[in-house]
Amino acid sequence: MSYNIPINQVDPTAPTPQNTPLTHAPIAQGLSRPTVPDISEDNEGEEEEATSTIQQAMLGLVHGKLSGLVGKSSGYIENLPVEVKKNVEALKGVQVKQVELQNQYKRECLELEKKPLYDRRHAIITGTAQPTAEEVEAGEQQSIKDDPDYTPLPKDVQPAAAGIPEFWLTALRTHVHLSEIITDRDAEALKSLTDIRIEYLPSTETKPGFKLQFFFGPNDYFENTMLEKTYLYQEEVGYSGDFMYDRAIGTEIKWKEDKDLTKEFEVKKQRNKNTNRTRLVRKARPTASFFNFFSPPQPPSDEAVESGDLEEDELEELEEKLEIDYQLGEDLKEKVIPRAIDYFTGKALEYEDFDEDDDFEDIEDDEDDEDEFEDDDSDSDGDVPARRRGPPKGRGAGANQNVNPEECKQQ
């Protein structure tokens with residue numbers, strides 16, 4: 001199914017002389033004006049309160065009637081000559097072609113974004129290639145432009161052969177919202193992250209979209225060498241001319257034994273209510289982790305929504321999760337991947353808005369009780385991993401709070 005993020009339903013039809021009904025508004029239908037008898041000083045306050053109540057009621061009645069008229073046909077379109085109606089239909093046909101051109105334009109934009117110099121960046125990060133003197137010089141010139149007090153590096157020192165250790169872990173932790181979901185346990189696994197790429201779906205696919213690909217070296221946590229997440233758009237652009245989010249598909253992570261970072265293992269001592277015997281039970285419960293990113297929430301089906309299987313609160317909670325997941329994917333695509341060095345150095349923080357409310361919160365799940373055994377004592381395998389907080393609001397949020405970075409992509 002299709003699920004738009006964000007979900008905002010607005011009636012685009014505004015009242016005009018052509019679509020306002022011919023029937024008179026209630027205020028013109030001879031509504032009698034409230035009559036107020038002569039008042040004395042003794043009952044002046046009571047009479048004013050009664051008058052105010054009547055006026056508010058009448059005003060509400062008028063507003064309610066008028067709001068019901070918005071968007072209703074006045075008969076103007078229906079009464080047009082057939083020759084004019086043909087022109088109206090022709091304009092609808094022109095708009096259909098315009099929408100098709102917008103779809104084509106958006107797909108061509110996705111094709112153009114497939115040409116950045118990510119291979120060269122990956123080679124320098126991993127140390128498989130040495131940077132040229134021209135690349136170092138261009139970088140230093142940019143550093144001087146950003147900071148006039150920058151001190152150029154010595155010319156007689158060669159770049160490190162090992163590249164840049166923990167480059168992607170540092171870049172991800174600099175992003176305000178990603179830093180919120182990366183735990184200390186996650187960081188150990190993310191140290192083996194060697195590259196993050198974006199791959200756009202081919203134009204032959206029914207739905208446009210993109211894939212976020214996370215490449216890993218050997219590590220102690222999972223067998224996968226690449227974790228992938230696909231974001232799908234709807235087939236046609238929305239009314240605003242932009243692609244509309246449809247859904248996301250994640251990769252199944254092949255965790256090594258007892259290394260699942262999305263779960264916390266706990267050992268509980270249980271006592272049998274009948275025999276008083278005890279036993280040790282090892283339980284796994286969900287826990288906060290960056291790697292939950294690869295198990296995205298799924299939009300509800302049309303049938304579930306129409307049948308009322310989901311409560312309003314459940315739908316709102318699911319919508320919020322979908323919106324957060326979509327925004328993280330867009331931030332990785334539009335910010336972190338194309339400007340990874342800015343997130344590594346912290347320069348990107350100058351353009352982050354730290355005044356926005358935090359969209360992330362812990363989600364706790366209740367545990368099921370055993371039928372015959374009750375918990376006697378509890379020992380956890382490990383403490384709940386500490387979560388890194390985002391950078392303080394003061395950093396880069398003052399003078400540059402309203403500055404928008406130049407939108408450019410490496411071609």
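Helices here are DSSP runs of H or I with at least four residues, strands are runs of E with at least two, and both are numbered from the N terminus. With that in hand, take helix α9 (residues 312–336): E330 and K333 both sit in it, 3 residues apart, or about one turn of the helix. Before going further, note that this is a predicted model, where local features need pLDDT of at least 70, side-chain atom pairs count only at pLDDT 80 or more, and totals for chains, interfaces and linings use all residues. Residues are numbered from 1 along each chain as its sequence is written, and side-chain values use heavy atoms, with hydrogens and water left out.

The side chains of E330 and K333 form a salt bridge at 3.6 Å, N to O; the term asks for a side-chain nitrogen of Lys or Arg within 4 Å of a carboxyl oxygen of Asp or Glu. For accessibility, buried means under 20% relative accessible area, exposed over 50%, and partly exposed in between, with a 1.4 Å probe and protein chains only. E330 has a relative accessible area of 12%, so it is buried, and K333 is buried as well, at 8%.

Searching the whole structure turns up 20 salt bridges. One of them joins the side chains of D184 and R173 at 3.4 Å, N to O. This pair links distant parts of the chain, with D184 in helix α7 (residues 184–190) and R173 in helix α5 (residues 167–174), 11 residues apart. D184 counts as partly exposed at 38% relative accessibility, whereas R173 counts as buried at 17%.

Now for the sheet. Strands count as paired if DSSP finds at least two bridges between them. On that basis there is an open sheet of 4 strands in the order β1-β2-β3-β4, with antiparallel pairing. β1 and β4 are the edge strands, each with a single partner, so one side of each has no neighbour in the sheet. From one strand to the next the twist averages 15°, taken between axes that are lines fitted to C-alpha atoms (for helices, over the stretch in contact), with angles that run from 0 to 180 degrees between N-to-C directions.

Why is β2 (residues 209–216) described as largely enclosed by the rest of the structure? Of its 8 residues, 6 are buried, so the rest of the structure largely encloses the strand.

There is also a salt bridge between the side chains of D195 and R197, at 2.6 Å, N to O. D195 is buried, with a relative accessible area of 4%, and R197 is buried too, at 19%.

Most residues other than glycine have a negative phi, and most peptide bonds are trans. E166 is not a glycine, yet has a positive phi of about 55°. E166 belongs to the loop between α4 and α5 and is partly exposed, with a relative accessible area of 37%. D258 is another non-glycine residue with a positive phi, near 60°. D258 is in the loop between β4 (245–249) and β5 (263–272), and is partly exposed at 48%.

A pocket is found on a 1 Å grid over the protein atoms alone, as an open set of points where a 1.4 Å probe fits, with protein on both sides within 12 Å along at least five of seven lines; lining residues have an atom within 4 Å of a point. Grid points are joined across faces, edges and corners, and the volume is the space filled by probe spheres set on them. The largest pocket comes out at about 2,000 Å³. Its lining has 44 residues, with E135, A138, G139, E140 and I341 nearest the centre. The elements that give two or more residues to this lining are α3 (118–126), α4 (133–146) and α10 (340–345), and α4 gives the most, with 11 residues. By class, the lining has 22 nonpolar, 8 polar and 14 charged residues; Ala, Val, Leu, Ile, Met, Phe, Trp, Tyr, Cys and Pro count as nonpolar, Asp, Glu, Lys and Arg as charged, and the others, Gly among them, as polar.
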